[in-house]
Amino acid sequence: MKKSTWQDNGIINRYRDMLPLKASTPVVSLGEGSTPLVYSSWLSKSIGEGSEVYIKCEGLNPTGSFKDRGMTVAISKAVERHVRLVVCASTGNTSAAAAAYAAHAGISCAVLLPYGKIATGKLLQAFLYGAKIISLHGNFDDALSIVRQLSKDPKVEIVNSINPLRIEGQKTAAFEVVDELGEAPDFHFLPIGNAGNITAYWRGYREYFTCGKCSILPKMIGFQALGAAPLVFGHIVQDPDTIASAIRIGNPASWRLAASALNQSHGFVDAVTDMEILSAQVQLARKEGIFVEPASAASIAGLLKCVSKHSELPIIRRLKEGARIVCTVTGHGLKDLNTPAGTGMCPIESDATVDSVRNILEIG
Ligand SMILES: *Cc1c(COP(=O)(O)O)cnc(C)c1O
């Protein structure tokens, strides 16, 4: 008999009664979820008196992003249906998660990635987990359109967020926030790429509200990168361009669902520049000790932008009057080591003597 371990605390075992799974569905888990919700005194202070800002650190999932929450559900279902091959299009993190959970389940995985546009760490993950990697001469939106066509084959399971089970798994992050805070926050900030995650959080909050686990619903505030901001502009972006590769998407699959989450929650979507993203990434690392990939920093950049620029909006006034805010940071910083924040890094060289090191530290 196998011992009970952290793995048994994965999101399916924690929240099975809220998920569309049978009691008999096998569980493919790597112990995802239960990620830290970290109070940020830096962000709380920068917003103002009485505000509380918490950071939901999704980079601490088994493959380093929130994609694991959806993947444990999607792959468990695929195993239940005796599917032998799972396929996804990916900007990187979906492929890492799909490859890991498929490996754990002992089934095959193929991933379609836009040629030359994937952060090295993510590509290496998919490779090491043993996925078949197809590098497509096209962008993410092309890859997703091919995957949609493949999905007509019953032997193949698509594990992109167009698979509704992905959204179902990802909504558990909202449950965790409420379980820890004892209530939903007033505002929830997060980055938007394919728009599955904002859809998932909104669903999670609404379901908890319906069961009486929270008595308010947050305003959902989404941020896109300025070069890949279809929701902000209201039209498809043909050649999305941003250093934040995980949100470099011009035609989000869950566009309509995300738009209704924004609407129903009385939230909004806005864009941040690559400069703002990189600056937020560095500040979050230096002020809180939290290292996230660029796409993840879009939520923090967004919050900082709200505080500085849009202060005339009524919603921002409300935010400054003492609100409880959660920002999701979606993926781990170690996944993407090639973006400009890492360049210009210059260690101080020293002779291998105590004196030399003392000199540098100015402790003479
Ligand atoms: C997938 C991903 C996103 C975007 O999430 P969507 O559900 O596509 O909107 C943001 N950040 C990271 C790190 C991701 O992996």
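Predicted model: local features only at pLDDT ≥ 70, side-chain atom pairs only at ≥ 80, totals over all residues.
Trainee: What is the radius of gyration of the protein chain?
Mentor: Take the fold elements to begin with: 15 helices and 10 strands. The globule rule gives 21 Å for 364 residues, and the chain is close to that, so it is as compact as a globular protein of that length. The C-alpha trace spans about 65 × 55 × 50 Å along its principal axes. The radius of gyration is 21 Å.

Trainee: What percentage of the residues in the protein chain is buried?
Mentor: Buried means under 20% relative accessible area. Of the 364 residues, the buried ones make up 54%.

Trainee: Is asparagine 163 buried or exposed?
Mentor: Asparagine 163 sits in the loop between β6 (156–158) and α7 (164–170). Beyond its neighbours within four places in sequence, asparagine 163 is in contact with Ala74, Glu157 and Ile158. Its relative accessible area is 7%, so asparagine 163 is buried.

Trainee: Which side chain meets lysine 122 in a salt bridge?
Mentor: The structure holds 15 salt bridges. In this one, the N to O distance is 2.7 Å. The partner of lysine 122 is glutamate 293.

Trainee: How many residues apart are lysine 122 and glutamate 293?
Mentor: The salt bridge between lysine 122 and glutamate 293 links distant parts of the chain. Lysine 122 is in helix α5 (residues 120–128), and glutamate 293 is in the loop between α12 (274–288) and α13 (294–308). They are 171 residues apart.

Trainee: Which helix holds arginine 203?
Mentor: Arginine 203 and glutamate 168 meet in a salt bridge at 2.8 Å, N to O. The pair links distant parts of the chain, 35 residues apart. Glutamate 168 is in helix α7, and arginine 203 is in helix α9.

Trainee: Is glutamate 207 buried, partly exposed or exposed?
Mentor: Glutamate 207 forms a salt bridge with lysine 171, with the closest N and O atoms 2.9 Å apart. Glutamate 207 is in helix α9, while lysine 171 is in the loop between α7 and α8 (172–181). Lysine 171 is buried at a relative accessible area of 1%. Glutamate 207 has 23%, so it is partly exposed.

Technical notes: Residues numbered from 1 in each chain as written. Heavy atoms only, no water. Helix = DSSP H or I, 4+ residues; strand = E, 2+ residues; numbered from the N terminus. Rg over C-alpha atoms; globule rule 2.2 N^0.38 Å. Buried < 20%, exposed > 50% of the residue type's maximum accessible area, 1.4 Å probe, protein only. Contact = heavy atoms within 4.5 Å. Salt bridge = Lys/Arg side-chain N within 4 Å of Asp/Glu carboxyl O.
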